[in-house]
Amino acid sequence: MGFAVGICLALDLRILGVAPGVRIAEMRRFVPIVWIAFWINAISGVLLLIGYPTKALTNPVFYLKLLLIGVGLWLFSRIGRRVFDETAGEQRAASPIVQRLAILSLACWVGAVTAGRLLAYTYHRLTALG
Amino acid sequence: MLHDLQVWLVTNIIAHSPVAHMMRTAWGWPIAESIHFLGLCLLIGCIGTFDLRLLGVAKRVPIAAMHRLIPWGILGFVINASSGLMFLLTEPDQYIYNPSFHFKFLFIAIAGLNAGTFYLSSYRQIFGANPVARRAAAREAHCRDLTERLGPGHHLWAHAHLLPSGVVHRSADLAPADVRACSGETNVALILNFKSVRRPATVGNIPTGPERTGPTPGRR
């Protein structure tokens, strides 16, 4: 989670003006790490889900978390398509659309992490038995 | 002996905790945990990517440029340390006796020592003896210069001029003439691509006072 969400946050911060000396197109080198980290999370998440399926599947917050992760990843790839360009990347990163996408992406990850943590406190049923 | 210390810590924390009441409300602990995890993401996203850069990922990114992510990683660490302290001050017996917690602290200490060693060795080799002091000196010199040009009454304005939100720019924003006009120390800061100080865009046409707050030509 640290690397998957963290690198997305770092990319969003870079787009919003942090560390301007880092050429944004070069940040594409970190994309594979995001995906490796994401799949580690996805697989371990599925294992946890198999452990207590009822706990998560009966909790609306779980679906909110999945939605936010989905939108976050979609935004990540959309932002990436625009800014990981050797020549036009910097200019596109400064455009209002990409700035807005970056803010939205930050909000999605903050929401996803918060929703994920709240899962431990908001479930109604732990198992199908009660 | 160690056990006595642990018992003493737990008893005293439970007796005097300033945050336990708030943390035991319905949302206290969950919110603190969410903040703790967000701090973790920020910490690993910024310091972890810097470490990856040192290990050879994205070699074309200058290390100094990448280093500007570090303050955000430190922010993440501060968020984590303070939210973590709130857990400790609420349920000390969950942590004080817990070997996993001891290991966690050990690893944080190793990370701290590692960072300290880095800043005292490799970092100095890359950026010179004391880049932070040198940067501060460059800022101070620039500030003195501005104060001299504008008169002593404008000292505060000169300082405000150097605030990060204001006229602190990266080298790419400077016209070549501006770079030539900068002092040697400032140029060091520019070359290192740290937050660099900037002379007024109107070199030779000195602004008249603190009321000059409009956008500087060429600013983004």
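A disulfide is a pair of cysteine sulfur atoms within 2.5 Å. By that criterion this predicted model holds zero disulfides over all chains. Cys41(B) illustrates the point: the nearest cysteine sulfur, belonging to Cys8(A), lies 9.6 Å away, and Cys41(B) is in no disulfide.

The secondary structure of chain A consists of six helices and zero strands, which gives the pattern α-α-α-α-α-α along the sequence. Of its 130 residues, 45% count as buried. Considering the contacts in chain A between residues at least 6 apart in sequence, 76% join residues at least 24 apart. The accessible surface of chain A is about 6600 Å², and carbon and sulfur atoms contribute 71% of that area.

Chain B likewise has zero strands, with 12 helices. Its 220 residues include 39% that count as buried. Where contacts in chain B span a separation of 6 or more, residues 24 or more positions apart account for 65% of them. The accessible surface of chain B comes to about 12500 Å², with 67% belonging to carbon and sulfur atoms.

The interior may be considered next. In soluble globular proteins, nonpolar side chains tend to be buried together. The largest nonpolar core in this model has 46 residues, and the members that touch the most others are Leu11(A), Ile15(A), Val22(A), Phe30(A), Ile79(A), Trp109(A) and Met66(B). In chain A, the elements that give two or more residues to this core are helix 1 (2–15), helix 2 (31–51), helix 4 (60–83) and helix 6 (96–122); in chain B they are helix 3 and helix 4 (63–66). Helix 1 of chain A gives the most, with eight residues. A second, separate core of 10 residues includes Phe87(B), Leu88(B), Tyr95(B) and Ile96(B).

Two residues show in detail how the chains meet. Leaving aside neighbours within four places in sequence, Phe30(A) is in contact with Ile7(A) of its own chain and with Thr49(B), Leu52(B), Val57(B), Ala58(B) and Met66(B). Thr49(B) belongs to helix 3 (residues 28–54) of chain B. With a relative accessible area of 1%, Thr49(B) is buried. Not counting residues up to four places away in sequence, Thr49(B) touches Phe3(A), Ile7(A) and Phe30(A) in chain A, together with Ile44(B), Met66(B) and Leu69(B) in chain B. Its side chain also reaches the backbone oxygen of Gly45(B) at 2.5 Å.

Aromatic rings complete the description. A pair of aromatic rings is described by the distance of the centres and the angle of the planes. The count comes to 10 aromatic pairs over all chains. Phe38(A) and Trp39(A) form an edge-to-face pair, with 5.1 Å centre to centre and 70° between the planes. Phe38(A) counts as buried because its relative accessibility is 18%, under the 20% limit. Ring pairs also link Trp35(A), Phe38(A), Trp39(A) and Phe76(A) into a cluster. In chain B, Phe118(B) and Tyr119(B) are paired edge-to-face, at 5.2 Å centre to centre and 70° between the planes. Phe118(B) counts as buried at 15% relative accessibility, whereas Tyr119(B) is partly exposed, with a relative accessible area of 30%.

How values were computed: Residues are numbered from 1 along each chain as its sequence is written. Chains are lettered from A and ligands numbered from 1 in the order in which they are written. This is a predicted model: local features need pLDDT of at least 70, side-chain atom pairs count only at pLDDT 80 or more; totals for chains, interfaces and linings use all residues. Side-chain values use heavy atoms; hydrogens and water are left out. Helices (H or I, at least four residues) and strands (E, at least two) are DSSP runs, numbered from the N terminus. Buried means under 20% relative accessible area, exposed over 50%, partly exposed in between (1.4 Å probe, protein chains only). Contact means heavy atoms within 4.5 Å. Accessible areas come from the Shrake-Rupley method with a 1.4 Å probe; for residues, only the protein chains shown count as cover. A polar contact is a pair of N or O atoms within 3.5 Å; within protein, one must be able to donate a hydrogen and the other to accept it, and residues adjacent in sequence count only if both atoms are side-chain atoms. A nonpolar core is a set of buried Ala, Val, Leu, Ile, Met, Phe, Trp, Tyr and Cys residues joined through side-chain atoms within 4.5 Å. Rings of Phe, Tyr and Trp (its six-membered ring) pair if their centres lie within 6.5 Å; planes under 30 degrees apart count as stacked, over 60 as edge-to-face and the rest as tilted.
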